[in-house]
Amino acid sequence: DPYKRQRPAVTKYFAFKTLLTLQANQMGYKLGRWLDAVYLVPMPNSWSKKKKEKMNRLPCETKPDTDNITKAIKDTLKNNDADVWWEKAEKRWSYNGSIIIFS
């Protein structure tokens, strides 16, 4: 069974794509020729309440890179993403993880 041999990162990637597809379909969202997104990265549980309050909404400089998230979104939501001519993305710390796509 090939799924049993997948690396954890690959399994996580496919789970992300499945969830993104499901949510986009539920909302009737279609990615056009530009992408403007904010990636809200959940803060680690190990951080203190004080540190979380300080870091909330500040830029996040950890992996995954914004370009990798953006590429995954384009690969998931477009059959051919060659027509995407403009993209802007930022990654910030948040209490809850989320992706906000402006259209």
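The structure is a predicted model, in which local features need pLDDT of at least 70 and side-chain atom pairs count only at pLDDT 80 or more, while totals for chains, interfaces and linings use all residues. Residues are numbered from 1 along each chain as its sequence is written, and side-chain values use heavy atoms, with hydrogens and water left out.

To begin with the overall fold, the protein chain contains three helices and three strands, where helices (H or I, at least four residues) and strands (E, at least two) are DSSP runs numbered from the N terminus. Read from the N terminus, these elements follow the order α-β-α-α-β-β. Along the principal axes, the C-alpha atoms fill a box of roughly 45 × 40 × 25 Å. With a contact taken as heavy atoms within 4.5 Å, 86% of the contacts between residues at least 6 apart in sequence join residues at least 24 apart.

Buried means under 20% relative accessible area, exposed over 50%, and partly exposed in between (1.4 Å probe, protein chains only). On this scale, 26% of the 103 residues are buried.

The charges come next. The protein chain carries 20 positive and 11 negative side chains, and 6 Å separates the centres of the two sets. Here Lys and Arg count as positive and Asp and Glu as negative, with His and the chain ends not counted; each charge is placed at NZ of Lys, CZ of Arg, CG of Asp or CD of Glu.

A salt bridge is a side-chain nitrogen of Lys or Arg within 4 Å of a carboxyl oxygen of Asp or Glu, and the count by this rule is six. One of them joins aspartate 36 to lysine 88, with the closest N and O atoms 3.5 Å apart. This pair links distant parts of the chain, since aspartate 36 lies in strand 1 (residues 34–42) and lysine 88 in strand 2 (residues 86–94), 52 residues apart. Aspartate 36 is buried at 15% relative accessibility, whereas lysine 88 is partly exposed at 36%. Lysine 88 also bridges to glutamate 90, at 3.4 Å between the closest N and O atoms, and glutamate 90 is partly exposed at 24%. Together, Asp36, Lys88, Glu90 and Arg92 are linked in a network of salt bridges.

A further salt bridge brings together aspartate 75 and lysine 71, at 3.3 Å from N to O. These two residues are four apart in helix 3 (residues 66–77), so about one helical turn separates them. Both are partly exposed, aspartate 75 at 30% and lysine 71 at 46% relative accessibility.

Rings of Phe, Tyr and Trp (its six-membered ring) pair if their centres lie within 6.5 Å; planes under 30 degrees apart count as stacked, over 60 as edge-to-face and the rest as tilted. The rings of tyrosine 13 and phenylalanine 14 form an edge-to-face pair because their planes are at 65°, with centres 5.7 Å apart. Tyrosine 13 is partly exposed, with a relative accessible area of 30%, and phenylalanine 14 is partly exposed at 42%.
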